[in-house]
Number of protein chains: 2
Amino acid sequence: MPYEHPSGSRGEPVIPAHEQVAAPDTREGVTALLERGRTLSTPVLRAAVDRLASPMDTVAAYHFGWIDAEGNPVDGDSGKAVRPALALLSAEAAGAAPQVGVPGAVAVELVHNFSLLHDDLMDGDEQRRHRDTVWKVHGPAQAILVGDALFALANEILLEHGTVEAGRATRRLTVATRKLIDGQAQDISFEHRERVTVAECLEMEGNKTGALLACASSIGAVLGGADDVTADALESYGYHLGLAFQAIDDLLGIWGEPAVTGKQTWSDLRQRKKSLPVVAALAAEGSAAGRLGELLAADAKNPEIGEFSEEEFAIRAALIEEAGGREWTSQEARRQHATALDALNGVEMPEDTRRNLLALADFVVVRER
Amino acid sequence: MPYEHPSGSRGEPVIPAHEQVAAPDTREGVTALLERGRTLSTPVLRAAVDRLASPMDTVAAYHFGWIDAEGNPVDGDSGKAVRPALALLSAEAAGAAPQVGVPGAVAVELVHNFSLLHDDLMDGDEQRRHRDTVWKVHGPAQAILVGDALFALANEILLEHGTVEAGRATRRLTVATRKLIDGQAQDISFEHRERVTVAECLEMEGNKTGALLACASSIGAVLGGADDVTADALESYGYHLGLAFQAIDDLLGIWGEPAVTGKQTWSDLRQRKKSLPVVAALAAEGSAAGRLGELLAADAKNPEIGEFSEEEFAIRAALIEEAGGREWTSQEARRQHATALDALNGVEMPEDTRRNLLALADFVVVRER
């Protein structure tokens, strides 16, 4: 399966090719944008991590996929690097050189990885990017400590140039980080609640995924001297892009192929996640929604959900689909994608940059994993 | 015991009264300084904590001693508040009003409490200020999450005024926070090592205790527009004061009265802490040091140290004292206290403020708990 279309029940892509707004050669263009983000930001990220005292530098290098558990260098999968690509484009949107966005790209990556280290521990997740998580390999104390260190490093990297723009960028990053933490708090609290509304779920996902993508999309512009109106518009683009991204992640969390997602089958169902397809299905009328509600209410109190057969999860997934949760989430991804594009309309920027931001938005909603 | 003198083997204070440099009425003056710091900073701290999403606001309020585990308001012990007092004096040292230091005081308190929440969890400490720690009451996930939130809040509080001074203050706070994290990493790694040198122990304590007290002592001045030379001198005062404070804490960690310290007897020995008296004793010549080294090497591999009798710990404490570890640490507190005072010599400031900084330094090394 070279290309995953994680959408509607008949397997078509969430955004059909004829609706994509960027140039037809976007696939190649996006690869180049992602590559540029990675190439410009990784050396700075590595130098930042090298500042950490031993053994935190080693633990962080393991987390980033630069070394294996024994400390040997590996050519790891360090993710798609959408955020660094956005941060550099954001600098260009303000008329600055892409390099101006690099400290922002690195700071956002550091905050993102701080949250992964802590969330994996809080959630008890044992795998990330097909590897054991840090707390599994190096213990909970190192996961806490290195997460803290990455968070502090993010501010350090931004503030060390001492400019007014750096102060503004740090303030936006701090607000985004607080939302990230709020989102994780909401996510944890939802696990203990029987009912979560669609609005609550969207708010949580906006905090947990939208806020940092919003920051990545504006931080380069702020560092490049953009005014608040421009920065806010770019933030809005990133925020809704984040919600589109998360809607698709929620689809993959139930119907994604393990080989592609790096997670177990029915991953979010196993973890009783109240993700968008689930809450949308539960909010629907009809017998499928009712039957689903009964099953999930029983599951909530069942400690043996880990022992369920594939078929038992398939039944739940089919009910979610029958109640319309899959289709609604797929539509929601399209709506958020459209809102993200709308946010760019009021912003003056070089036409090249605009085309690249549109292409990246398409990529995020029509993605392999 | 109205007044604890945690020093030499014959019970005299670390800094005898005739060597104290501040005015004779300092005791009353210091109480007023601490009270002022608490009065001006607590409402701002409470308002900051109120911004946290539920249930993080409740968990934080429990940690700060404002409510009990059931959520009822209590008139809790929220600590001595030396840091807020220092931050306000630091603003006055720059010729500003004490109020100018308030955001700095609150930010430092937030970072301090972020580190307590995470350290208590990493170290498995079940009690703090005579109460169950947050992870014991609300679980490890909340301890991680609320710690993260307090760290983010600290930056938010400082940066929201958007001034150049706020950016400089945040940068200094970030550097201090990174040192704090380095210090905790060193502290954890020392527990697994057989030998730690006195220099390594001082470096760790400088990071873990010195750096944040240094920041508290300079952050108000930075917010008040002081130049870097003045801010650095005030930092140096706070750094050495922190080391003096920690030396005394290390003495109390072995010989402190449980009723006063809120900890078990021989607390640091039970936790196999390689604190200053221990590493200084092990570095000494003679039979007591040799015997102590053998005992502690055996203890390091003994999982049943928690079952030791009072007498077994008393034997170790006596060997530390015989090898000179107690006396050396007591002298070290005096040396650091003197270095702290020296740092103020080159700084121009109102004479009142200087007297108050000297009085606070005396208070820190001649303290009840």
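Colleague: Hi! Where does A:Q184 lie?
Modeller: A:Q184 lies in helix α7 of chain A, residues 164–191. Helices (H or I, at least four residues) and strands (E, at least two) are DSSP runs, numbered from the N terminus. This is a predicted model, where local features need pLDDT of at least 70, side-chain atom pairs count only at pLDDT 80 or more, and totals for chains, interfaces and linings use all residues; side-chain values use heavy atoms, with hydrogens and water left out. Residues are numbered from 1 along each chain as its sequence is written, while chains are lettered from A and ligands numbered from 1 in the order in which they are written.

Colleague: Buried or exposed, which is A:Q184?
Modeller: Buried, at 1% relative accessibility. Buried means under 20% relative accessible area, exposed over 50%, and partly exposed in between (1.4 Å probe, protein chains only).

Colleague: And what is A:Q184 in contact with?
Modeller: Leaving aside neighbours within four places in sequence, A:Q184 contacts A:D119, A:M122, A:D123 and A:K208, plus B:L145 from chain B. Contact means heavy atoms within 4.5 Å.

Colleague: What about A:L45, which helix is that in?
Modeller: A:L45 is in helix α1 of chain A, residues 26–50. At 10% relative accessibility, A:L45 counts as buried. Not counting residues up to four places away in sequence, A:L45 touches A:F64, A:W66, A:V106 and A:L110.

Colleague: How many residues apart in sequence are A:L45 and A:L110?
Modeller: A:L45 and A:L110 are 65 residues apart, yet 7.9 Å apart in space, C-alpha to C-alpha.

Colleague: Let's change topic. Which residues touch the most other members of the largest nonpolar core?
Modeller: Of its 167 residues, those are A:L150, A:Y237, B:L150 and B:Y237. Such a core is a set of buried Ala, Val, Leu, Ile, Met, Phe, Trp, Tyr and Cys residues joined through side-chain atoms within 4.5 Å. Not counting residues up to four places away in sequence, A:Y237 touches residues including A:L86, A:S217 and A:L357.

Colleague: Over in chain B, at what angle do α9(B) and helix α16 pack?
Modeller: At about 20°, with the axes of α9(B) and helix α16 (residues 351–365) 9 Å apart. That makes α9(B) roughly parallel to α16(B). Angles under 35 degrees count as roughly parallel, over 145 as roughly antiparallel, 65 to 115 as roughly perpendicular and the rest as oblique. Axes are lines fitted to C-alpha atoms, for helices over the stretch in contact, and angles run from 0 to 180 degrees between N-to-C directions.

Colleague: Which residues of α9(B) and α16(B) meet?
Modeller: Among them are B:L234, B:Y237 and B:F245 in α9(B), and B:L357 and B:L360 in α16(B).

Colleague: How about helix α8 and helix α9 of chain B, how far apart are their axes?
Modeller: The axes of helix α8 (residues 198–223) and helix α9 (residues 228–255) are 6 Å apart, and the angle is about 140°. That makes α8(B) oblique to α9(B). Their contact is made by residues including B:G206 and B:G210 of α8(B), and B:Y237 and B:G238 of α9(B).
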